[in-house]
Amino acid sequence: MAGALKEDQRVRHVYAALQAASCPLVEDLHLQEADSMLELLCVPSQHRTNILAWICSSINPNFGSSKETSIRSKDPDVLAKEMAVLGQELMLCRADDLDLIRGDVSVRRQLQLLEQLLTLLPGCKTSAGPRMDAEMLLNELYAAENLPHLSQTLKPTLDPWPAHIKTLRKPSREKAADVAALLQLTQSALEQLQSECEFLNDEPQSPAVFSPSALRVSACDLQQLMATFSHVFETDLRAHCSRDPPGFSTETDVFQRVHQLLLAFITELEMLKEASDASVSVNEEVQQLQTQPCYHSRGDKHTLQNQLEELARRIKDVLSLLSSNKP
């Protein structure tokens, strides 16, 4: 009976959140009975699918185009798969939870999915009212599927504290008294600093008061963080936690020899590159000497080839004169 009452309260909160978000699919219904709301939101129907599609398109505007493509597709489960993929991206469900999207699972899981989706809509975080009280949070925390994760959190296999800090963690009355005295000194020092800082005294400081709403928000945040970590662990980390550690090879001298050979090869390549650059530079200098006029003769500039041809012609003329003057 208590479970049915909680479901009635939760479905009323979800229905009120949809109305507060101005969902066009529930504006003209004016439902008053919880059974009618449960039939609308938790029984498989086209109207329920349209409500889920509207919520998804409101969260992700790009979902609208994929929804139109899904409607035109011949596969009736395309839209459900698209919504499941979006739920996995939001870490609310798995991509293969098509039964949850269709509404073929328990009412509690359906209402939980709707509540989590509606918290992502603007203006729905406060309009839906308190969706989960302390007792519901504890029931979720101590559920059978969450007990292994809770035990692992409370008693981790790998203790992160070093050995020299473990001794400090052992409780004793003397250490507790020392810690209390240190906290008192710290509190006094902070109060003195606050009195010296004028900008901190502009607004009246009120003492901290225990707030049940703040505790509820903190508990909800803790539950969401634990659900997110559980989802990531199940989907991504569990497969890596059971693997054996990799083995490292002892043949390190092979890598050292390969490294030395590679360094020698790189040095030879650099030498060949410098030799090639020097050859290109010499070739350019020779071409410049052969083609550019840089030698003066009779008031004009001539190339080296022209000068050599002129010199050869003069030597030939001199030799011809010498040979003609002989008796």
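This is a predicted model: local features need pLDDT of at least 70, side-chain atom pairs count only at pLDDT 80 or more; totals for chains, interfaces and linings use all residues.
Which element gives the largest share of the lining of the largest pocket?

**View A. The largest pocket and its lining.** The answer is α12, with 16 residues of the lining. Helix α12 spans residues 212-241. Two or more lining residues also come from each of α7 (107-118), α8 (134-141) and α9 (147-154). By class, the lining comprises 22 nonpolar, 14 polar and eight charged residues.

**View B. The two sides of helix α2.** Helix α2 covers residues 34-42, and its buried residues are Ala34, Met37, Leu38, Leu40, Leu41 and Cys42. These residues lie on the same side of α2 because they cover an arc of only 165° around the axis. Asp35 and Glu39 are exposed and sit on the face of α2 turned away from the buried side.

**View C. The largest nonpolar core.** In soluble globular proteins, nonpolar side chains tend to be buried together. The largest nonpolar core of this model has 36 residues. Leu18, Leu41, Ile55 and Met83 are the residues with the most contacts inside the core. At least two core residues come from each of α1 (2-20), α2, α3 (46-59), α5 (78-89), α6 (98-102) and α7. Leu41, one of the residues with the most contacts in the core, is also one of the buried residues of α2.

**View D. The surroundings of Ile55.** Ile55 is among the residues with the most contacts inside the largest nonpolar core. With neighbours within four places in sequence left aside, Ile55 is in contact with Leu18, Leu114, Leu117, Leu118 and Leu121. Of these partners, Leu18 is itself listed among the core residues with the most contacts.

**View E. The largest cavity.** Rolling a probe the size of a water molecule over the atoms shows where empty space is left. Two cavities of 30 Å³ or more are found in the whole structure. The largest cavity holds about 50 Å³ of space. Its lining consists of Leu52, Cys56, Met83, Leu86, Gly87, Leu90, Cys93, Ile101, Leu113 and Leu117. Helices α3, α5 and α7 each give at least two residues to this lining, and the largest share, three residues, is from α5. Nine of the lining residues are nonpolar and one is polar, with no charged residues. Met83 lines this cavity and is listed among the residues with the most contacts in the largest core.

**View F. The second largest cavity.** This cavity holds about 30 Å³ of space. Leu41, Arg48, Ile51, Leu52 and Leu114 line the second largest cavity, with the largest share, three residues, coming from α3. The lining has four nonpolar residues, no polar residues and one charged residue.

**View G. Two loop residues with positive phi.** Most residues other than glycine have a negative phi, and most peptide bonds are trans. Ser22 has a positive phi near 60° and lies in the loop between α1 and α2. With a relative accessibility of 45%, Ser22 counts as partly exposed. Met91, in the loop between α5 and α6, has a positive phi of about 60° and is not a glycine. Its relative accessible area is 39%, so Met91 is partly exposed.

Key: Residues are numbered from 1 along each chain as its sequence is written. Side-chain values use heavy atoms; hydrogens and water are left out. Buried means under 20% relative accessible area, exposed over 50%, partly exposed in between (1.4 Å probe, protein chains only). Helices (H or I, at least four residues) and strands (E, at least two) are DSSP runs, numbered from the N terminus. The arc is that of the directions from the helix axis to the C-beta atoms. Ala, Val, Leu, Ile, Met, Phe, Trp, Tyr, Cys and Pro count as nonpolar, Asp, Glu, Lys and Arg as charged, and the others, Gly among them, as polar. A nonpolar core is a set of buried Ala, Val, Leu, Ile, Met, Phe, Trp, Tyr and Cys residues joined through side-chain atoms within 4.5 Å. Contact means heavy atoms within 4.5 Å. On a 1 Å grid over the protein atoms alone, a cavity is a set of points where a 1.4 Å probe fits but cannot get out, and a pocket is an open set with protein on both sides within 12 Å along at least five of seven lines; lining residues have an atom within 4 Å of a point. Grid points are joined across faces, edges and corners, and a volume is the space filled by probe spheres set on the points.
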